[in-house]
Amino acid sequence: MCRLFGMSAAPHRVHATFWLLDAQDSLAQQSRRMPDGTGLGTFTADGSPRVEKQPVAAYEDSKFAWEAKERESSTFIAHVRYATTGANNLADTHPFELKGRLFAHNGVIEDLPALEAELGDYRDLVRGDTDSERYFALITRHIDEHDGDVAAGIAAAVGWIADNLRVLSLNFVLADARELWAFRYPDTDDLMVLRRRPGGPSGRRHLEHSSSAGTVRARSGALATLPAVVIATEQMDEDPDWESLCPGELLHVSPDQEVTRTMIIERQPRHRLALEDFAGRAGTGQSPSGT
């Protein structure tokens with residue numbers, strides 16, 4: 001499974017430190033089934049996206065994967081990739097940036113020629129070979145066709161994919177400089193949200209989150225006194241307020257940190273993939289729930 005992490009502290013810009021693999025006890029030390037890329041997306045004070053990513057597996061470039069990256073932003077996206085489509089190169093490493101937005105996906109979409117045909121002229125935005133970047137380009141096309149309405153664009157894109165392509169999972173986190181969206185569909189993989197109170201459960205503790213495998217770790221001292229919304233593929237601390245998004249549910253965090261959750265698709269994918277569909281792909285680089 002790829003690891004997704006998204007966070008909004010809007011309207012505040014906060015400092016946060018990320019480790020995309022957690023040093024000596026990480027998955028990198030235990031297995032050659034390695035991440036195929038790690039990436040962090042933030043926004044500068046003027047709202048420009050900043051993407052830092054590295055396609056090389058962690059055992060080949062441990063410095064990038066393990067070094068602390070302290071950044072200031074209102075919204076953050078981190079991703080650790082296990083490839084199913086695309087090469088192990090920079091163009092295929094998450095997060096992706098299009099038209100001032102950042103995007104990271106956990107899942108598999110097949111029938112890429114059909115997806116490319118649906119993109120039309122938006123195919124020119126795609127730089128790599130992944131299903132994920134094409135998914136993002138389709139969302140971007142529909143946002144533009146809905147006059148910048150991000151939620152409507154997402155609903156149109158995922159509805160078309162659900163009806164026309166083979167799908168394992170469409171889970172993603174998408175952000176601009178002030179807002180964040182997260183989507184889970186179908187129920188193959190979890191995607192969780194935490195509406196974190198200032199100081200967490202005790203009311204006085206900074207944010208200190210870590211995935212169970214040590215593949216994403218985040219820390220922010222500012223969140224000892226400020227609220228935040230966190231999205232992750234799994235529960236990352238002991239806070240009892242973690243919840244799973246429902247399959248088909250789109251979560252939006254506004255610039256003033258108002259959270260809305262809307263069911264945008266209730267039907268199952270017409271051509272749903274199952275984990276057993278990947279059983280014969282061992283050794284091919286195609287794992288279930290990778291991208």
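In the protein chain, 72% of the contacts with a separation of 6 or more are between residues 24 or more positions apart, where contact means heavy atoms within 4.5 Å. The model is a predicted one, in which local features need pLDDT of at least 70 and side-chain atom pairs count only at pLDDT 80 or more, while totals for chains, interfaces and linings use all residues. Residues are numbered from 1 along each chain as its sequence is written, and side-chain values use heavy atoms, with hydrogens and water left out.

The protein chain holds four helices and 19 strands; these are DSSP runs numbered from the N terminus, with helices being H or I of at least four residues and strands being E of at least two. Of the 291 residues in the protein chain, 57% are buried. Buried stands for under 20% relative accessible area, exposed for over 50%, and partly exposed for the range in between, with a 1.4 Å probe and protein chains only.

The description may begin with strand β1. Because six of the six residues of β1 (residues 3–8) are buried, this strand is largely enclosed by the rest of the structure. R3, F5 and M7 point one way from β1, while L4, G6 and S8 point the other way, and all are buried. The partner here is strand β15 (residues 228–232), which runs antiparallel to β1 and is joined to it by four bridges; two strands pair if DSSP finds at least two bridges between them. Within this pairing, F5 is placed opposite A232 of β15.

Two packed helices are described by the angle between their axes and the distance between the axes. For helix α2 (residues 112–119) and helix α3 (residues 131–145), the angle is about 30 degrees and the axes are 10 Å apart. The two helices α2 and α3 are therefore roughly parallel to each other, given that angles under 35 degrees count as roughly parallel, over 145 as roughly antiparallel, 65 to 115 as roughly perpendicular and the rest as oblique. The contact brings L112, L115, E116, E118 and L119 of α2 against D131, R134, Y135, A137, L138 and R141 of α3. By class, the residues of this contact are six nonpolar, no polar and five charged; Ala, Val, Leu, Ile, Met, Phe, Trp, Tyr, Cys and Pro count as nonpolar, Asp, Glu, Lys and Arg as charged, and the others, Gly among them, as polar.

Strand β17 (residues 249–253) also contains V253. This residue, V253, counts as buried because its relative accessibility is 0%. Not counting residues up to four places away in sequence, V253 touches S8, R178, E179, L180, V229, E258 and V259. From V229, V253 is 24 residues away in sequence and 7.6 Å away in space, C-alpha to C-alpha.

A second open sheet has four strands in the order β5-β2-β14-β13, again with antiparallel pairing. The edge strands β5 (69–73) and β13 (207–210) each pair on one side only. Strand β2 (residues 14–19) is joined to β5 by five bridges, the two running antiparallel, and A16 stands opposite R71 in β5.

The loop between β12 (192–196) and β13 contains P198. With a relative accessibility of 36%, P198 counts as partly exposed. The C-alpha atoms of P198 and T225 are separated by 4.8 Å, although the residues are 27 apart along the chain.

Technical notes. Axes are lines fitted to C-alpha atoms, for helices over the stretch in contact, and angles run from 0 to 180 degrees between N-to-C directions.
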